[in-house]
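Dear colleague,

Please find the structure we discussed handed over below. My notes on what was found in it follow directly after.

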Amino acid sequence: MTPYLAKILLYPVKSLDGVEVENARVLASGALHHDREFAIFDEQDRFVNGKRHAKIHLLRAQFTLLNRTISLQIPGGDSQQIFHLDEERQALEATLSDFFEFAVTLRQNSLMGFPDDTHSLGPTVISTATLAEVASWFPDLSVDEMRRRMRANIEIGGVPAFWEDQLFGEQGNFVSFRVGDVHFLGVNPCQRCIVPTRDSYLGEAYPNFQKIFATQRQATLPNWVASSPFNHFYRLSVNTQLPPSSTGKILQIGNEIDILP
């Protein structure tokens, strides 16, 4: 089969649930429109995210991007609370502050969002087969749970596990590829944080997750993979940059994927 774009996932508020979409527009920064557009901050100007606050996993969020609303389900609450992201931000901040039990604010960056890797603002890329393979390393975890833990933007279908490892080269060497008519530069394999070690709904840690992952990742690493980016093996999915020529273009489910010479 030809490699193709199987899923697009956006995360409108950093560290909250994602939303699956049929298409996504590329911003001038190379980020995808609506991805990590908002982030929660504490009074010390630090991110309130999964890395620092496991409690955030208990929040359920649904987004209607067209209406710019977020529906929040607070643990123990009877019903969803719906907020407009622009017009009802203070009420949303008050609800989140009550949940975290400290004051938080919601900030917006519509130009580049709030990515973890501020040098590679493009969407993160993984294949569906890779998620299935990695899920198989952990007897209790489903493919969808692994997807929720890894939080990649773009999922490639029609390829074997770890196919996307050819989308980066040795350190400092980018790999050009195209998704539909959108030009990408593959940079490096994404260094994972503490978030994938935890249940995406409950925040509970999976015993020895990182050790199991790194052992299996090393054992299954294809022999053709560029080795210099792997100073450790707790890496999965591909960080990307999108050149200015991709600005305004649309990624669409079903787009074919080509590695360029």
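This is a predicted model: local features need pLDDT of at least 70, side-chain atom pairs count only at pLDDT 80 or more; totals for chains, interfaces and linings use all residues.

Which residue in S8 is the bridge partner of Ile 40? The partner is Leu 106.

The bridge belongs to an antiparallel pairing of S4 (residues 38-42) with S8 (residues 104-108), which runs over five bridges. Strand S4 is mostly covered, with five of its five residues buried. On one side of S4 the buried residues are Phe 38, Ile 40 and Asp 42, and on the other they are Ala 39 and Phe 41, leaving both faces covered.

Turning to the nonpolar cores, the largest comprises 26 residues, and Phe 184 and Leu 251 have the most contacts inside it. Two or more residues come from each of the strands S1 (4-10), S2 (19-21), S10 (154-157), S11 (175-179) and S12 (182-191). The greatest contribution is that of S1, which gives three residues. Leaving aside residues up to four places away in sequence, Phe 184 touches Pro 123, Ile 154, Val 175, Ser 176, Phe 177, Val 179, Thr 240, Gln 241, Leu 242 and Leu 251. Another core, of 20 residues, lies apart from this one and includes Leu 16, Phe 38, Ile 56 and Leu 92. In soluble globular proteins, nonpolar side chains tend to be buried together.

Ser 120 is located in the loop between S8 and S9 (125-127). Ser 120 counts as buried because its relative accessible area is 6%, below the 20% cut-off. Among residues beyond four places away in sequence, Ser 120 touches Val 187, Asn 239, Thr 240 and Gln 241.

As for the helices, H3 (residues 143-150) has Glu 145, Met 146, Arg 147, Arg 149 and Met 150 as its buried residues. Their cover includes S1, H2 (128-136), S10, H4 and S13 (235-241).

Leu 202 counts as partly exposed because its relative accessibility is 47%, a value between the cut-offs of 20% and 50%.

Yours sincerely

Methods. Residues are numbered from 1 along each chain as its sequence is written. Side-chain values use heavy atoms; hydrogens and water are left out. A nonpolar core is a set of buried Ala, Val, Leu, Ile, Met, Phe, Trp, Tyr and Cys residues joined through side-chain atoms within 4.5 Å. Buried means under 20% relative accessible area, exposed over 50%, partly exposed in between (1.4 Å probe, protein chains only). Helices (H or I, at least four residues) and strands (E, at least two) are DSSP runs, numbered from the N terminus. Contact means heavy atoms within 4.5 Å. Two strands pair if DSSP finds at least two bridges between them.
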